[in-house]
Amino acid sequence: MMVRRRLLTALMAWPAMLLAHGDVAHQDATLDSARYEQRIGHRIPSGLVFADESGQPLPFESLIGGQPLVLVMSWFDCPNLCPMVLDGLARSAARVDFMPGRDYRVAAVSIAPDEGPAQARALRAGLGDGAGSWALLTGSSGPIDRLAEAVGFRYAYDAEADRYAHPAGLVVIAPDGRVSRYLFGLSPDPNDLERALIDASQGQLGSVVQQIVLRCFRYNAESGSYSLAIWSGLRIAAVLTLGLLAMLVWWLHRRAQRSVVHG
C-alpha cells in the first residue's frame with residue numbers, strides 16, 4: 001500500500017508542475033501574439049526589396065514567377081527553433097522528387113531588421129549543402145513587415161528578453177504570387193511538401209488547415225535556460241493525466257474497500 005501511494009504521488013507531481021509553469025507562459029502576451037493567420041489566395045505585394053548574402057539588393061518579385069516558392073519567415077540568430085525548422089525543411093526537401101533551384105525556389109527571410117548579410121552567411125554555413133540554392137535574405141522593417149502581413153505571419157519582439165516570438169512553419173507561394181498553402185511544424189512531411197508544390201505549380205489554392213502553433217524558444221536571462229512556449233498543450237495533457245489519475249485512485253480505493261469487506 002505504501003509503495004502504491006508513493007507511486008501515485010510521483011505520477012501526480014509532474015502534471016502539477018506543468019500546470020504551474022504553463023500559467024506563467026500563458027500570461028506572456030508577447031508569446032501569445034505569435035501565430036499564423038492563414039491568408040490563402042492573398043497576393044504578395046510588389047516592390048519588396050531585400051539584401052542577399054553579399055549585401056546586394058534582391059527584389060522579392062524575382063523569386064516569384066514560373067516556379068513555386070517556399071517561404072520561411074525566420075530569425076537567423078534564433079538559438080533553437082528556427083534552425084530546427086530550416087533543417088527540417090532541408091531534410092524533407094531531400095526526399096521529394098523536385099529539386100530546389102530547378103523545380104521550385106526556397107527563400108528564408110529574416111524578421112530581425114538588425115540582421116544583415118553576415119548573419120545570412122553564418123546561417124548558410126550551418127545549413128550545409130542541402131540549402132545551397134536557397135535565398136537567405138535580410139532587410140529593413142518596412143519590407144519585412146509588409147511580407148509578414150501578406151502571408152499572415154504574426155510575430156513580436158520581446159524587448160525585455162531581447163528575443164523574437166514567432167510561429168514555426170512555412171508558406172508555399174504559387175508562381176502568380178498568391179499564397180497557396182501552409183505547412184506547420186518543425187519538419188513538413190515530404191508527401192505534404194510535394195503535394196503543396198504540385199498544387200502551387202498548377203495555380204491551385206489549398207484550404208485553411210488546422211495548425212498546432214509552435215512558438216519560438218524564449219531565453220530566460222536569469223536562469224540561463226530556454227523554455228518552449230507550447231505549455232498550453234502540455235497543460236491540456238496534464239489536466240487529462242490528472243483526470244486519469246483521479247479515476248485510478250478512485251478505482252484503487254474501491255478495490256481496497258472490497259478487499260476489506262470480502263477479507
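**Sheet, helices and cavity in a predicted model**

User: What is the bridge partner of valine 171 in S11?

Analyst: In S11, valine 171 has tyrosine 182 as its bridge partner. This is a predicted model, where local features need pLDDT of at least 70 and side-chain atom pairs count only at pLDDT 80 or more, while totals for chains, interfaces and linings use all residues. Residues are numbered from 1 along each chain as its sequence is written, and side-chain values use heavy atoms, with hydrogens and water left out.

User: OK. How many helices and strands are in the chain?

Analyst: The protein chain has seven helices and 13 strands. Helices (H or I, at least four residues) and strands (E, at least two) are DSSP runs, numbered from the N terminus.

User: Back to S10 and S11. In what sense do they pair?

Analyst: S10 and S11 pair in the antiparallel sense, over five bridges. Two strands count as paired if DSSP finds at least two bridges between them. The hairpin of S10 and S11 has five residues between the strands, and glycine 177 there takes a positive phi near 90°.

User: In what order do the strands of the open sheet come?

Analyst: The order is S6-S5-S4-S10-S11, five strands in an open sheet with mixed pairing. Strand S6 (135-137) and strand S11 (179-184) are at the edges with a single partner strand each, so one side of each has no neighbour in the sheet. From one strand to the next, the twist averages 20°. For angles, axes are lines fitted to C-alpha atoms, for helices over the stretch in contact, and values run from 0 to 180 degrees between N-to-C directions.

User: And S4, what does it pair with on the S5 side, parallel or antiparallel?

Analyst: S4 and strand S5 (residues 105-110) are parallel, over six bridges. Leucine 69 has arginine 105 as its bridge partner in S5, leucine 71 has alanine 107, and serine 74 stands opposite serine 110. With S10, S4 pairs in the antiparallel sense over three bridges. Leucine 71 stands opposite valine 171 there.

User: How many residues of S4 are buried?

Analyst: Six of the six residues of S4 are buried, so S4 is largely enclosed by the rest of the structure. Buried means under 20% relative accessible area, exposed over 50%, and partly exposed in between (1.4 Å probe, protein chains only). Leu69, Leu71 and Met73 point one way from S4, and Val70, Val72 and Ser74 the other way. In a regular strand the side chains alternate between the two faces of the sheet.

User: What about S10, how many residues are buried?

Analyst: In S10, five of the five residues are buried, so this strand is also largely enclosed by the rest of the structure. Gly169, Val171 and Ile173 point one way from S10, Leu170 and Val172 the other. S5 is mostly covered, with five of its six residues buried. For the protein chain, buried residues make up 43% of 263.

User: Which strands does H5 lie across?

Analyst: Helix H5 (residues 141-151) lies across S4, S5, strand S10 (169-173) and S11, and runs at about 120° to S4. Contact means heavy atoms within 4.5 Å. Helix H6 (residues 190-201) lies across S4, S10 and S11, running at about 175° to S11.

User: Loops next. Where is threonine 138?

Analyst: Threonine 138 is in the loop between S6 and H5. Its relative accessible area is 2%, so threonine 138 is buried. Not counting residues up to four places away in sequence, threonine 138 touches Phe50, Ala51, Phe76, Ser110, Glu115, Gly116 and Pro117.

User: And aspartate 189, where is that?

Analyst: Aspartate 189 lies in the loop between S11 and H6. At 36% relative accessibility, aspartate 189 counts as partly exposed.

User: Last topic. How many cavities of 30 Å³ or more?

Analyst: The count is two cavities of 30 Å³ or more. On a 1 Å grid over the protein atoms alone, a cavity is a set of points where a 1.4 Å probe fits but cannot get out, and lining residues have an atom within 4 Å of a point. Grid points are joined across faces, edges and corners, and a volume is the space filled by probe spheres set on the points. The largest cavity holds about 50 Å³ of space.

User: Which residues line the largest cavity?

Analyst: The lining is Val72, Met73, Ser74, Cys82, Val85, His166, Pro167, Ala168 and Gly169. Strand S4 (69-74) and helix H3 (81-93) each supply at least two residues of that lining, and the largest share, three residues, comes from S4. The lining of the largest cavity divides into six nonpolar, three polar and no charged residues. Here Ala, Val, Leu, Ile, Met, Phe, Trp, Tyr, Cys and Pro count as nonpolar, Asp, Glu, Lys and Arg as charged, and the others, Gly among them, as polar.

Technical notes:
On a 1 Å grid over the protein atoms alone, a cavity is a set of points where a 1.4 Å probe fits but cannot get out, and a pocket is an open set with protein on both sides within 12 Å along at least five of seven lines; lining residues have an atom within 4 Å of a point.
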